[in-house]
Amino acid sequence: SKMTVKAVKMPCTSANVYTKVPDGGWGWTVAFAFFVVEALTYGIIKSFGVFFNDLMESFDETNSRISWIISICVFVQTFTAPLSTVLSNRFGHRLVVMAGGLLVSAGMVIASFARSVGDMYVTIGVVSGLGYCLSFLPTVTILSQYFDKRRSLVTAVASTGECFAVFSFAPAITALKEQIGWRYSMLSVGVLQLGITACGSLLRPIVIREQQEEKAQPPEESTETKYMLENEQTCTSIESIDSGVDITTSPSNVPGKTKAEPKSEEPKQHGQNPVENNSTPPEPKTKLLDFSVMRDYSFICYAFFGLFATLGFFAPSLYIIPLSRSLGISKDHSAYILSAMAIAEVFGRVFAGWVLNKKPIRKIYIELICVVLLALALVAFPFASGFWGLMICSVYFGFMLGTVAGTHIPLLAEDDVVGIERMSSAAGVYVFIQSLAGLAGPPLAGVLVDTTKNYSSAFYSCAAGMVLGAVFLALVRPCKTGLCHQQQQQQQQQVEESTAGPPPELPEDFIDMDIGKAENSGKGSDSV
């Protein structure tokens with residue numbers, strides 16, 4: 001209780017204390033911060049395609065080499081996810097996000113002075129990539145802790161920040177490049193990303209006091225059961241032959257002061273337990289990263305889903321403008337196509353959050369349907385012709401991308417995957433596994449484009465990865481409660497049967513021998 005009072009007296013540096021998950025309160029401020037962080041992280045990454053042609057002309061490089069900029073950035077962002085989890089558990093989400101904002105801004109500003117594509121590999125790829133990881137993952141994790149019933153809806157709506165960023169940044173950066181050039185435009189973007197640091201200062205930690213009270217109750221129940229067992233022992237000892245020994249050794253029957261000793265010790269134990277319980281909540285923080293989630297088959301399948309689905313997240317946003325230019329569409333109209341995709345993604349995220357907020361509903365199945373439809377959207381791009389054909393495909397893809405991109409990380413908090421208690425560590429490991437696809441996805445698409453001289457191959461590779469992701473996503477629920485658990489139970493039963501062996505055989509005259517002894521003892525007492 002003293003620790004709680006101190007937290008109230010120092011609101012700027014302490015946690016928000018609630019008796020239960022608030023589903024609001026300061027969580028709305030955290031949701032706004034997440035909206036802005038999404039806009040300045042993934043919104044900038046998805047809008048980076050407007051710089052593609054300028055970088056190819058300035059550095060005289062191919063598609064695949066320019067694609068490595070975003071590829072390295074996404075790889076570093078996802079590969080360092082466990083580091084983000086460890087730092088957040090050690091220093092808190094606020095400081096980590098603020099430090100990440102500084103790295104993101106510094107990397108983008110320095111990249112505006114780059115003289116080769118190798119310089120951008122380091123500045124945007126490594127420096128900004130690490131900043132993106134330290135900014136995004138802690139923000140979405142703490143937002144999930146502020147909401148329970150409305151978690152899916154709030155997270156989906158707040159994640160539309162990147163959609164509004166793409167909608168506004170793509171035309172704005174395109175117009176700004178014509179006025180001041182791509183270098184000063186990139187410098188302006190880097191300065192704008194300093195807003196991540198301001199958003200990080202709003203991420204106040206949350207403490208649920210009810211969990212501490214629940215932990216203080218089991219010792220009381222254990223002491224009661226202890227005395228109940230002692231009373232049962234005393235009752236049985238009176239009926240037994242050697243009851244005198246049991247009566248003198250039981251604490252409820254010892255005369256004098258010893259009879260009151262258990263009562264006097266009991267308040268001391270209860271007085272010490274709250275102190276111990278108040279000191280126990282920091283203990284889980286010592287385990288900075290919990291890799292036990294890797295033993296959960298449902299999480300492993302979900303991680304493979306994220307691994308392959310990541311192939312389809314970034315490449316379409318990077319290649320939609322080059323594809324439109326190859327079809328003879330002007331620069332302005334190409335930027336409008338990317339903006340329309342962003343608008344459709346907003347509606348997709350809100351729609352997914354609204355559907356997943358309905359109860360009762362199995363959210364993992366809704367996610368599976370959206371992933372299958374997203375794969376169909378990727379296949380539709382190569383068949384588009386002209387401005388309106390590409391616009392329809394982009395709107396359809398943007399809507400379906402919103403249903404998946406805004407929910408795949410928050411779904412880790414569902415019981416079908418790992419649950420809210422292990423979400424922090426699970427999110428770090430999950431995003432870490434995504435790093436391989438983030439590294440290989442855009443360059444693989446770039447190599448296919450350079451080899452086939454056709455941008456359609458990039459979308460086919462993304463669709464293939466999305467289909468594989470759908471297969472693993474379909475296995476999450478069966479691995480949680482179905483096939484894998486049944487196999488484990490059968491294996492355990494076989495092991496128990498093999499180790500237990502046959503039951504011991506009793507002699508047929510076992511009961512007769514006991515009855516005979518009892519009759520003999522009864523005759524002896526009668527004779528006495």
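Me: Which residues of α15 are buried?
Reply: In this predicted model, the buried residues of α15 are S298, F299, C301, Y302, A303, F305, G306, L307 and A309.

Me: What span should helix α15 have, and how far apart are its end C-alpha atoms?
Reply: Helix α15 covers residues 297–309, and its 13 residues should span 18 Å at 1.5 Å a residue. The end C-alpha atoms of α15 are 18 Å apart, which agrees with that expectation.

Me: And helix α10, how far apart are its end C-alpha atoms?
Reply: They are only 14 Å apart, although α10 (residues 161–192) has 32 residues.

Me: Where does α10 bend, and by how much?
Reply: The bend in α10 is at I180 and amounts to about 120 degrees.

Me: Changing topic to I142: which helix holds it?
Reply: I142 lies in helix α8, which runs over residues 117–146.

Me: Is I142 buried or exposed, and why?
Reply: I142 is buried, because its relative accessible area is 1% and the cut-off for buried is under 20%.

Me: What is I142 in contact with, leaving aside its neighbours within four places in sequence?
Reply: The contacts of I142 are then V30, H93, L203, R204 and P205.

Me: How far is the C-alpha atom of I142 from that of G27?
Reply: The two C-alpha atoms are separated by 8.9 Å, while I142 and G27 are 115 residues apart along the chain.

Me: What does L376 count as in terms of accessibility, and why?
Reply: L376 counts as partly exposed because its relative accessibility is 49%, and exposed would require over 50%.

Me: Finally, the whole protein. How many helices and strands, and what share of residues is buried?
Reply: The protein has 24 helices and two strands. Of its 528 residues, 48% are buried.

Me: What share of the contacts joins residues at least 24 apart?
Reply: Among contacts between residues at least 6 apart in sequence, the share is 84%.

Note on methods
Residues numbered from 1 in each chain as written. Predicted model: local features only at pLDDT ≥ 70, side-chain atom pairs only at ≥ 80, totals over all residues. Heavy atoms only, no water. Buried < 20%, exposed > 50% of the residue type's maximum accessible area, 1.4 Å probe, protein only. Helix = DSSP H or I, 4+ residues; strand = E, 2+ residues; numbered from the N terminus. Expected span 1.5 Å × (residues − 1). Contact = heavy atoms within 4.5 Å. Bend = angle between axes of the 7 residues up to and from the residue.
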